[in-house]
2 protein chains.
Amino acid sequence: MLCWDATGTAVTDAGAAPAVILICEHASAALAGDWTMASPEVLASHAASDLGALGLAKALAAGLARACGGAELVHAPLSRLIYDLNRSPDRPDAVPAQSEVHSIPMNARVTPQDKLNRVMQLYLPFHALVQARIARALALGQRPVLLTVHSFTPVWHGVPRAVEFGVIHDEAQGLARRIVQEAAALGLTTRLNEPYSAADHVTHTLRLHATPYGLENAMLEIRNDLIATPEAQAAMAAKLGPVLARAMATQTELSCRAS
Amino acid sequence: MLCWDATGTAVTDAGAAPAVILICEHASAALAGDWTMASPEVLASHAASDLGALGLAKALAAGLARACGGAELVHAPLSRLIYDLNRSPDRPDAVPAQSEVHSIPMNARVTPQDKLNRVMQLYLPFHALVQARIARALALGQRPVLLTVHSFTPVWHGVPRAVEFGVIHDEAQGLARRIVQEAAALGLTTRLNEPYSAADHVTHTLRLHATPYGLENAMLEIRNDLIATPEAQAAMAAKLGPVLARAMATQTELSCRAS
């Protein structure tokens, strides 16, 4: 069952309470409303969306639903060019005027009222939906694990990045560290808190939704050249899913099977 | 201006971005919907609402709006007998079958679906509204202080409580400790983390809404025999308001006047 809320954020509903809730804040490059001005080059870049992340997240959700007894995916319907859902409204990079080498003219002069409109039309409905899915699980007796799914560009300001799989933690470090341990089987260059860390304000979603409820959580970052096609996304999910399932089975109360 | 959202939670709107957002989760003893069975004795007791807290919170909001340049109050439209808005959905006391000496028959056998209905009809709209007011302030360039306003019963299981004013902190201790210092001028028996503390799960609202945004915050608990009448609530607010304003002026970026 696929449900759409009023703003178009998709939830793949696990039926009963999900063991895992995946969140993909940068799933889409779509523009809408008063915010439709961007060059084709920017729209195709990591500045507009986390390339490959939605396909990976959907495949991971399907695999973890089987392995852990239910999973849901909440993903954004619109581009981070309008509002970056993984940033607090007081952060300048919530509405970025520049993203790496890409300038974003429609964000060059954002009035407080314009920022507020973006908060009301994108940020609030998205996070209300995430909270609703978590509260639903809790009310039904399930304490879900939260995983945010992201991708990053292989070259940043001209410098190649060696890391291929980054696992980022906020306050609770346990699951992220366990995922890094289990990821040794992947054959990927895996690093804790690379290419970003909580100090870069990239764990906003985890802070809002996992920490207040004491839920196990981690942020997953895959280098986007490794998930450039649907086939590569499926292949990565087939390798990564069992790693995540093993880490959750060891670190959390979930009984995930790493088949 | 007084606005009502879809569920009847009142917001006293400060117009521009508020410097202070007050939250009163236990403001009402009203029952509604499928949950209307309670004895007159329970409805009149602290089990149903924090007696006097709404009147105090309204008077504090008016005073702090003048002192600090804008304040808002978000208060609950329905009783904690149906759902305690200051508790996570996985807590048994979110829907209490017993509150001190009062048994609550309508909560004796709550099914998961009934709990979920209460979460959807009370918990989620209330906290979505609180988050919307905070996000609005942040988008408009204001980092508001969050104060939750509560009252407690002077006798608990037959034992009188000596504390008159309790100030409770969650992770950030600064503002709560400063309020206790400033409260020396009140002539009340004031205590930090009494009669409850964060270990009793009473800081849920602060964890959800203040900590993720790094906002200064505190939970205020007044013994309810001190605010039993509208006159007593106004008198307490007239004394307490300047204490809070002084504490916020010292501890936060706000320029509050303690006139």
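1. Copies are superposed by least squares on the C-alpha atoms of residues with pLDDT of at least 70 in both. The model discussed here is a predicted one. On that basis, chain A is brought onto chain B by a rotation of 180 degrees with 0.0 Å of shift along the axis, at an RMSD of 0.0 Å.

2. The contact between the chains involves 24 residues of chain A and 24 residues of chain B. On the chain A side, at least two residues each come from helix H3 (112-139) and helix H5 (204-209). H3(A) is the leading contributor: it gives the most to the side that touches chain B, with 14 residues. By class, the chain A side is made up of 15 nonpolar, four polar and five charged residues.

3. Two packed helices are described by the angle between their axes and the distance between the axes. Inside chain A, such a pair is formed by helix H4 (residues 174-182) and helix H6 (residues 230-251), whose axes come within 9 Å and cross at roughly 130 degrees. Angles over 145 degrees would count as roughly antiparallel and 65 to 115 as roughly perpendicular. H4(A) and H6(A) are therefore oblique to each other. The hand of the crossing of H4(A) and H6(A) is right-handed.

4. Which residues make the contact of H4(A) with H6(A)? From H4(A) they are Gly174(A), Leu175(A), Arg178(A), Ile179(A) and Glu182(A). From H6(A) they are Val243(A), Leu244(A), Arg246(A), Ala247(A), Thr250(A) and Gln251(A). Sorted by class, the contact of H4(A) with H6(A) has five nonpolar, three polar and three charged residues.

5. One residue of chain B deserves a separate remark. Glu253(B) lies in the segment after helix H6 (230-251) of chain B. Is Glu253(B) buried or exposed? Glu253(B) has 11 other C-beta atoms within 10 Å, so Glu253(B) is exposed. Glu253(B) and Val163(B) are 90 residues apart along the chain, and their C-alpha atoms are separated by 30 Å.

Definitions and conventions. Residues numbered from 1 in each chain as written. Chains lettered and ligands numbered in written order. Predicted model: local features only at pLDDT ≥ 70, side-chain atom pairs only at ≥ 80, totals over all residues. Axes fitted to C-alpha atoms, helices over the stretch in contact; angles between N-to-C directions. Helix = DSSP H or I, 4+ residues; strand = E, 2+ residues; numbered from the N terminus. Parallel < 35°, antiparallel > 145°, perpendicular 65-115°, else oblique. Left-handed = near helix turned anticlockwise from the far one by under 90°. Contact = placed C-beta atoms within 7 Å. Nonpolar A, V, L, I, M, F, W, Y, C, P; charged D, E, K, R; others polar. Buried ≥ 20, exposed ≤ 12 C-beta atoms within 10 Å, placed from the backbone.
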